[in-house]
Amino acid sequence: MIYNFLHYYKPYKRILYGVVIGSLVAALLDLIFPMMVRQILNEVLPQKNINRLLQDSGVLFILYLGNYGLLYIVNYYGHLMSAKIENDMRRDLFEHFQKMSFRYFDNAKTGQLLSRLTSDIAEIGELSFRGPNDVIVCCITMVGTIGILFWMNVYLGILIALLLITKTLHTVYVNKK
C-alpha cells in the first residue's frame with residue numbers, strides 16, 4: 001500500500017527534493033534563532049556595545065526574513081505538489097470506477113463513493129505534503145534541541161531527552177490503538 005502511494009511522488013521528485021531541503025534549512029534556522037538571541041542577551045547587552053547589538057540584530061532580522069520567505073516557498077510548492085498528487089489520485093480512482101461493473105454501483109451507496117472520491121482523497125493529498133514535511137521538521141527540531149541542551153546543560157539535556165522520548169513512545173502507542 002505504501003509503495004502504491006509513493007509512486008505518486010515520482011513525477012514531482014524535483015518539487016519533493018526542494019520541499020525537503022527547504023524544510024531542513026528552515027528547521028535548522030529555527031534552532032539558530034534562540035542561540036543568537038541568547039548570545040545577544042548574555043554577551044552583547046552586558047557590554048553595552050550598541051554597534052554590535054545593531055549588527056547582530058540586523059543579522060537576526062535578515063535571517064528571520066529569509067526563514068519567512070523560505071517557509072512561504074516550501075508551503076507554496078508543497079501544497080502545489082499536494083494538489084497535483086491529489087488530482088492524480090482522483091484521476092486514477094475515476095478510471096478505476098469506470099472499469100467497475102454496473103452491479104457494483106447497484107449495490108454501493110453513491111454518497112459513500114462520492115465521499116471517498118472527494119474528502120478522503122483530499123486528506124491523503126494534504127498528507128502527501130504535510131507528512132514528510134512535519135516528520136523532517138519535528139525530527140530536526142527534537143534532535144537539535146536535545147543537542148543544544150546537552151551543550152548548554154547536561155542535566156537539562158538528559159531530562160528533556162527522557163521527556164521527549166517518553167512522549168514520542170506514548171504518541172506512537174496511542175496512534176497504533
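Modeller: Start with Asp92, which is partly exposed at 25% relative accessibility (buried is under 20% relative accessible area, exposed over 50%, partly exposed in between, with a 1.4 Å probe and protein chains only). The model is predicted, so local features need pLDDT of at least 70 and side-chain atom pairs pLDDT 80 or more, while totals for chains, interfaces and linings use all residues. Residues are numbered from 1 along each chain as its sequence is written, and side-chain values use heavy atoms, without hydrogens or water.

Asp92 pairs with Arg91 in a salt bridge, at 3.4 Å from N to O (a side-chain nitrogen of Lys or Arg within 4 Å of a carboxyl oxygen of Asp or Glu). Arg91 is partly exposed too, at 41%. Elsewhere, shared partners join Glu43, Arg52 and Asp56 into one salt-bridge network.

Glu43 meets Arg52, with the closest N and O atoms 3.9 Å apart. Glu43 is partly exposed, at 39%. Arg52 is partly exposed as well, at 27%. Arg52 also bridges to Asp56, at 3.6 Å. Arg52 and Asp56 sit four residues apart in helix H3 (residues 50-99), so about one helical turn separates them (helices are DSSP runs of H or I, at least four residues, numbered from the N terminus). Asp56 is buried, at 13%. Across the whole structure, the search finds five salt bridges.

Now the pockets. Helix H3 returns here: H1 (2-6), H3 and H5 (110-152) each supply at least two residues of the largest pocket's lining. A pocket is an open set of points on a 1 Å grid over the protein atoms alone, where a 1.4 Å probe fits, with protein on both sides within 12 Å along at least five of seven lines; lining residues have an atom within 4 Å of a point. The largest pocket has a volume of about 590 Å³. Of its 21 lining residues, Met1, Phe5, Met89, Ile121 and Ile124 are closest to the centre. H5 gives the largest share, seven residues.

The second largest pocket holds about 160 Å³. H5 contributes again, and H2 (13-47) joins in, each with at least two lining residues. The largest share here is from H2, five residues. The lining includes Asp30, Leu31, Pro34, Thr145 and Met152.

Note on methods. Points joined across faces, edges and corners; volume = space filled by probe spheres on them.
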